[in-house]
Every structure is written in C-alpha cells, then in structure tokens.
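Work through the exercises below with the sequence and structure in view. Each task is followed by a worked solution.

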Amino acid sequence: MHNRLLVARLAATMTVVGVLLRAGSAYGSSAAIMADTPNDSSLGKALWVATPEVTLPPAGVPTDYNRHLGRHPQPPSGVHVPAPKDRPVIVEEEGHADFTHQDNMPKKGSIRSAVAPGYQYTAPVLKGVVSALDPNKQSPLNSNAGLAFSSTASPYKPNGKLFDTSAIKTPLPTNKWWLNLVIEQGIDPIHPYPYVVKCLANTSTVGFPKFQASATAMTSNMVSDWQIGDSTGALTQRLVTAYDALGVQVEWSGSNSNTKMAARFYKGLPFITYEMTNMAPVLSTIHAILKVEQLGLTVSSYGANTAGNATRLAKEIVEHPSLTQVTLNDGSQWLLVTKPTIQWKQTGSSQLTPATSTTSFTGILQMAHLGDNPSSNVNVLQAYAGTYPTEGSVTYAKILNKQGVGRSADIVYFYKTNTDGGGDTSMIYSTRSVPTSMQLLTFMLPHHVDLLTNSSILSPGLSGYRSAKGPLTAVAGNIITYSQPLDGTQSFEGQHAMSASEKESIQRQLYVDIATNTNVTAPDPYFFGKGIAKIARLYQIAQELGDTTSAATLRDKLLGYMKPWLVTRTNSDPLVYDTTWGGVVSTAGLADPSADFGQGRYNDHHFHYGYHLYAGAVLAKYDINAFAPLREPLSQLLRDYANPSYADSQFPFMRHFDPYDGHSWAAGLFTFADGRNQESTGEAINAYYSAYLYALALGLQDTADFYEIVLNMEATSGRRYWHPTQAQAKAQFIAPFTHNAVGILWASKADYATFFGANPEFIYGIQMIPFTPATRLLLAADWVKEAWCPDGTSCSGGMKPAAESANKNGWAQFLYTALSVVDRNTALANVGTCTPDDGNTLTNALHWIATSGQQLVG
C-alpha cells in the first residue's frame, strides 16, 4: 500500500510470455521443450507465446555448428504462434547420440524430452492443442470500445536521454526491477542478483553486496567494486535500448560511432557480461589489486569426459575464452573472462588494462565474484565461461490431471544465448553431451529450489552467493522449469461449507453490518476500494446464505457507490488515463506525487484496483445486467495492473508482476538505492484473486487460468519471503533478523517494519489483509501456529502479544481471524470484541473463520 519507477515498450524486439495449458506432462532439464501431437484435439489447450527475432547470429559460427543443435524452421520476424503442426519437438537423431534435432515431427506417441544424464524419463504423449489466450493478440478484456476515462498527460515526464525513444514507446512499464536506469538521472543502482550495478554515461560499475543484519533489518552495502570503461574516454552516452520478460539491455556509445559497449542484465547470473566494440578497455577498482593470475583451462573442469570427441574438444578448448583470476585487498577474488584473449596488466595499485595496448578490442568481457570458496567456485565458473543470455522469456503451463483438473503449473524460464546460433529459439540443446561452455549457468532463488522439477542443480555447485531473499543455488541450462502448485480451491466461496448454527450467527451479524457498516465516504482510490470491497464481501456472503433481500440491498449500495467513480465520473478525485506513461491514475495523484500513496506515479495500483475488481467480480457473478455499465471501466482498471496482452496499445503487460521473483513490485516511478519493494503481500494476493474471479464471472476461462497461476506464484513467494517459518528465516536471512514476518521486502534488503509504523500487529496484519477465501493461501497452519507463539512460552515477537497489545482494534481482529486456522475457539472468543478495520466487518471475520479457518470434526 505504499511505494515507487519508467520505461519502455519495445514492440520490435519484445520477448513475449506464453501460457500453455496441456494434459499432464514433464519437461526435461536444461534443454527440453515439449510439443503436442498434431491432429488430435481430444485433450488439452495451449496458451503459447513465441519470441520475435532479436539477436543476429554471432560472427564466426563454425560451419558444422548446426550439427550441434536441434533445428526447427524459424518464423519470419515478428510474432509467431506455433500451430500444432510446427511446434518444436525434440527427438533423438540416429548416429548423433550427443545431440538432438527437430527437423521432422515424430510419429504419434514418440515424443521424448531431450535430457541430460541422470534425467532419464520420457514425456507422455500430449494430445492436441487449441490456441487459447495468446498474449501477442488483444486480450478479451479489451473490447476496443475506447478509453472509459478522460485523457491527460502526466506532468512527470520520461527522461528521453536515458532510453531509446525510437524503439521504446508508450505504454511504458512503470514497476520493473530495473527502472532505476530510466528515471530521474538514471544513476541509481539496479540489482541483478547477486550483484549491484550502475550504468553511468561513460562507465558501468559492478559490486558484490555484503549483507548484514540487526533485529529490525537485513541490509546490504552498495559498494561498486569495479568500474568498466574505455581508457580513451570514447564512451559518453548510455541508453536502455530493449527489455524483455526477464531483463534489460543497455548500450553505451559516443562521438566515435565505432566505439560501443552493451550489456544485458538478468537476475540470477554468476557473470556480468559486456559486449565491446572497438574499445580500449580499462577496469578500475576501489580496492588495491594484490594479484593477477592468468588461468589455464583444465580438462576436468571443462567436461572433457562427456564430449567423447577429442578432435572437436581440442578445437573448442582453443576457442574457449581466456580466464584471469584477480585478488583484491578486501579479501575478495574475481574471475575475468575475455574472448578474444586479453592479457591483463596491473597499472598502479587499482587498475587493469590490456598488456598489449589496443583501442580496437571487439569481444566480450565477463566478471564473476568467486564467492566464499574461490578455489572450488573458479573450477565451476570457468567451465561455463563465455556463454550469456541474449534474451529471456517465460512460459506458464497449467497441467491437467486425468480428470481435467489443474493442480500444478510448469513455470519455464527460457534463455536464448550467444552460443545457440545467436539466440535461435528453434535450436535447443540436449545437454547430454554439449560442452558446459555452451550451456548457461544461472542462479535460482529459494522458492525456485523448493519447486524445481528437474535435477539440474549443480553438484558441486557455487557457494557464497545470495540475495535479500536468501542463498542462491546454481543451475545449469538454458531452460529451467519448476512446478508451481495450484491450490485448486479458489473460488468465490470459502474452502468449506457453513454449519446451520454458523449460518444463523453470521446472518444475525449481517443485518447489523448492513445497518451500521456500509457507508463509504473515502475520496481516494485506495480507501474507497477497501470500502466497496467490504460491501462486496457482504454481498457475497448474503448470496451464500440465500438472503436475497439483503443481497439486493447490498447490490444497490455497490452500484450507488461505484457508478460515480466509473460511469459518470463525478467523484471528487476522478480517475483519468495518463497518456504519458499509459495507465489509469487519480487526479490528485497526478498533480501531487505524494497524494493517494503515490498513485499518480504508479505506486500500488494492484493494491488499489484489486479492491475495485473484487467488487466488480461479485456484481458480475450475481447480476450481469446490473454490472454491465461497469464492465468497460473495470476491465480497463484490470488491464492497468494485470494486463495479459503485449498487443495492448494502452497498458503495459502485467505492470507489477516479476516472474523471476514470483511476486509483484509495488514501487512505481520513484528511485531507491535498495531497488523495488513490496509491503502488502495480502493485497497483492487480493489483486490477482480478484482478477481471477473477474475473468471467471465473465466466462473468460483462459484468462482466468493465467491469473490463477499468477495468484499462486504470488502466494508461494509471499509465504516463503514475507511469512517464513523459523527454519526458513534462519536459512534465508541473517541473524538476528529471523522473524516470522517481513514488513517490507526490497531487492536488496528486508525490513521488520511497514511504511506506516513498526508495530508488530502492522507487520503481521498488512501481510494478510483483506480477508477473503484467497487469504488462506498465505496462512499455512504450521506458520500460523509458530508465528502465534514462536518460542512456545513467552511468545516474544509473535502474533499473540501483537494482538493483545493492539487494544482490540482492527489489526487485532485480523490476527485473531488468522489464528482460526489452528485455534478456532480462541479466534471466535476474540474477534467479536474488536473494532473492525475500515475494510472489514465482523460478518466477514465470522464467515472466514467458518469457511476458511480450522475445520472441526464431528
């Protein structure tokens, strides 16, 4: 509910995201793409997204290169959505056990996954594909009816000196993890884990953050260990020139048009890579350089035992990048990788330049910190040196069981690299025998590791790398898949039915709340949204009780409050469409960046509009005719924060959601050295729950499937990082910061506080509200039990003393409601004695305890 960022839509070079809905299957590890058997549509549907051409093949690709890759005809430039007949299929090539190809479709039943040693399993046949939600086409949420809100330009303008305005156009993303590059002066750092990077006009800096903790925060330093530039001063300008689903591209240039540098930053890469053209590279450090050592490539670390071809191996070793290990006086060691070879010499105490003076180096420079075990880590890193991503995309795949019910989704990160034909998506490695130097090395976050579906985790791996979310785990492969559980019980109703006695008590309280707790007077979109969502909860509960009279009263109240905001737009703080960035903002927020929680700078839109969408979803479910006038403005609010289409010319794709971290960033167009942040995971959950219900109510099943996956991803990250168990907190944070709740999580730090105070009831409560059936996704029984009384005796730091000290206010009611997951009786004894929050009612608390709390037996 409080937070802060720019930039960019690259239509010509955008990586798109796809959703695949298919019958039960399994992906391989680092190199498996599954395809559907053609001409049979009896099972499964698919939501695919293809990737337009971005990167040209590198120069000097060997003539036999294609023998090392799977082949599949490339589409022309632009978007291509594969049909069943031409989706890539990986099959084994006779005579070439080391590699796979995709030249021909297999016969029915012969689909196999291309997998590395130890991952020997065969994917089942996939029966047919029907194109469903295609993010490269207009969303069914977009009726092309025109804007429902008045248009105006934001007084806060994009800094056109920081990005390529010819390629990156409105609608501009406003909450991406890398937005510090393109707002204000663009000098604040970004955080491509495990590094911190700055991109200045003439240089780039790279640092390896060191984390430390107190009882109230875990923080990291912002030291720039290295500065990368041109010794002649030829670089004078840098621009963000492209971005995709996972990362961003930055380019440097100057008055000499022949001198250039470029980098693509992605989270979770051991190497930071710079592409240099006609440069005189110079590396400077704030530390003293103690040792510079040229490394030789060892056969064992390169993986010679698996290649099986001495001639080819010898050729590839010759072509392998040169490696230099540097020791600094802060105790750190770094690996420098260059191709073609640079012999680095030390100049003074803190600078490296090529031993042979050059102003025309064209090639790559990679830098990697060697962690806490340099002697082991360097052996792993050198094996993968030279490969880096040129593009990243994400696929969300809902898996159906034999009953046609989805209980999990495969989340697939797919990276094109410089070694796969310049990023040809049709060329897919089988890592069974491909040299490690042609594979991508990445890091996974703790929640990824919990859910990885393959055995691609390296052993031995890399140690001593972390982010604010915990230790990073090394994984090999251009394609990484993890299995996201889907709760499967999310709907308008709770998890279990009310008993007769519960219905009676809830009905009595409903009458009281209709009479005393349904006035909504807030002028701003956040508190107004909470108010109408509160009424919508009562409307939903009345429908479940079969109380049609109360339901009609509540429906009319909702319509009376919502129409002035969304139809006649006569409220005091009307919503308007911002033509500068591409989004719906409040008038007050547009005029004053501090008003409405920074709403005019795109803070917290998913928090705010999620409440509006919940009210709209309930109206649409029970009275579609009454809802009709609200449909277009509400659909536009949904497209503002969770637009499922790249083809939309008015709103960016999924404004807040970060598929790598698995959660949203609430911060908008404000710079922070600590990167993006999010406070209220409960309201983020509500945003995607509401989107899911809204799509269901309108009969948009494919859109609902996509939102269901995003909802469950947000919940998984919410539980892992904002609601950790003691064991998780000790594993992923640093003592003494080992709480059962995190108030604000940033890219590079974690706070035991909120933006509005450090009271424990605020910290716990803001991660739960509002209480709907989806809240149960965040409140795991083991966590609630432990968080209520962490030490089992005094309960220090737990929810119990927080609830008791909250003086029976709305925050206390939230905590007692959460307690019902494990202790229904204590919860019921206390919720009625608390004064509800302005977005809650006692009716809702009693209903939640009855339908989502601890289920009594007998």
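**Exercise 1: a sheet**

Strand S28 (residues 575-578) and S29 run antiparallel and are joined by 4 bridges. Strands are DSSP runs of E with at least two residues, helices are runs of H or I with at least four, and both are numbered from the N terminus. Two strands pair if DSSP finds at least two bridges between them. The model is predicted: local features need pLDDT of at least 70, side-chain atom pairs count only at pLDDT 80 or more, and totals for chains, interfaces and linings use all residues. Residues are numbered from 1 along each chain as its sequence is written, and side-chain values use heavy atoms, with hydrogens and water left out.

Solution. The open sheet has 3 strands in the order S4-S28-S29, with mixed pairing.

**Exercise 2: an aromatic pair**

Task: Classify the pair of phenylalanine 527 and phenylalanine 597.

Solution. Rings of Phe, Tyr and Trp (its six-membered ring) pair if their centres lie within 6.5 Å; planes under 30 degrees apart count as stacked, over 60 as edge-to-face and the rest as tilted. The structure holds 39 aromatic pairs. Here the centres are 5.8 Å apart and the planes at 55°, so the pair is tilted. Phenylalanine 527 lies in helix H7 (residues 525-545) and phenylalanine 597 in the loop between helix H9 (587-591) and helix H10 (605-622), so the pair ties together parts 70 residues apart in sequence.
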